[in-house]
Amino acid sequence: MRPSNTAHLYELAWILPSIALPIGMLVALVVTAFGVGVHVPGDAGRVDPTKLATTAPFDKPGVFQVAPGRYEVRMVAQIWSFTPREIRVPAGSTVTFIATSRDVVHGLFIPRTTINVMLLPGQVARVTARFDRPGEYPLVCHEYCGIAHHTMAGKVIVEPRS
Ligand SMILES: [Cu+2]
């Protein structure tokens, strides 16, 4: 083989992965966005974090049934707790969390679901998950928010359908 042919092969060996890698990344992006349903939280609005006590829907935090099998959790995070701390829904419910932070950056993470967002003061996060399996789901802050960050947690209790 002449040296020029070898150089040609080396060039091809470099070009092919450089085409395959971005295609692979694009496929991974499309699968996570449309197949698995992982999204960047949308801009669900802004609020004044110093006036949450008088700003709807955060003036009445809690769990609200909005339709049969559909619930809305209006949640406020603050050092070092979530309000509400405990959420009870029947199995098979679709739950939308509308959440924000009163003070510093917190996180809202529920393992084994698609709920995983940062809660920024003044920024409203809106995320939805379906809870099919009965059981207790921990609800944790996964953004370091100060000395008692590790105690900041709550739970979602999914009750079996009667
Ligand atoms: Cu926190």
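Student: Is Tyr10 buried or exposed?
Tutor: Keep in mind that this is a predicted model. Tyr10 has 58% relative accessibility, so it counts as exposed.

Student: Where is Tyr10 found?
Tutor: Tyr10 sits in helix H1, which covers residues 3-36.

Student: What separates the C-alpha atoms of Tyr10 and Thr54?
Tutor: A distance of 67 Å. Along the chain, Tyr10 and Thr54 are 44 residues apart.

Student: New topic, the metal. Which protein donors does the copper ion have?
Tutor: His106 through ND1, Cys141 and Cys145 through SG, and Met152 through SD. These donors lie 2.1 to 2.4 Å from the copper ion.

Student: Why is the arrangement tetrahedral?
Tutor: The angles between the four donor atoms around the copper ion run from 94 to 123°. To count as tetrahedral, all angles must lie between 85 and 135 degrees, so this arrangement is tetrahedral.

Student: How are the donor residues spaced in sequence?
Tutor: The pattern is H-x34-C-x3-C-x6-M. Take His106 and Cys145: this pair links distant parts of the chain, 39 residues apart. His106 is in strand S6, residues 106-109. Cys145 is in the loop between strand S9 (135-140) and strand S10 (153-159).

Student: And His106, buried or exposed?
Tutor: His106 has 0% relative accessibility, so it counts as buried. Cys145 has 8%, so Cys145 counts as buried too.

Student: Switching to charges. How many salt bridges does the count come to?
Tutor: Seven salt bridges.

Student: Which residue forms a salt bridge with Lys51?
Tutor: Asp48 does, and the closest N and O atoms are 3.1 Å apart. Lys51 is partly exposed because its relative accessibility is 46%. Asp48 is partly exposed as well, at 31%.

Student: What about Asp132, which side chain does it meet in a salt bridge?
Tutor: The side chain of Arg130, at 3.0 Å from N to O. Asp132 comes out at 45% relative accessibility, so it counts as partly exposed.

Student: And which side chain meets Glu136 in a salt bridge?
Tutor: That of Lys155, at 4.0 Å from N to O. This pair links distant parts of the chain: Glu136 is in strand S9 and Lys155 in strand S10, 19 residues apart. Lys155 is partly exposed, with a relative accessible area of 29%.

Student: Last one. Which residues are linked in a network of salt bridges?
Tutor: Glu86, Arg88 and Glu159 are linked that way.

Key. Residues are numbered from 1 along each chain as its sequence is written. This is a predicted model: local features need pLDDT of at least 70, side-chain atom pairs count only at pLDDT 80 or more; totals for chains, interfaces and linings use all residues. Side-chain values use heavy atoms; hydrogens and water are left out. Donors are N, O and S atoms within 2.8 Å of the metal (3.2 Å for Na, K and Ca); water is not among the atoms, so sites may look incomplete. Four donors count as tetrahedral if all angles lie between 85 and 135 degrees; four count as square planar and six as octahedral if opposite donors are over 155 degrees apart and all others between 65 and 115; anything else is irregular. Helices (H or I, at least four residues) and strands (E, at least two) are DSSP runs, numbered from the N terminus. Buried means under 20% relative accessible area, exposed over 50%, partly exposed in between (1.4 Å probe, protein chains only).
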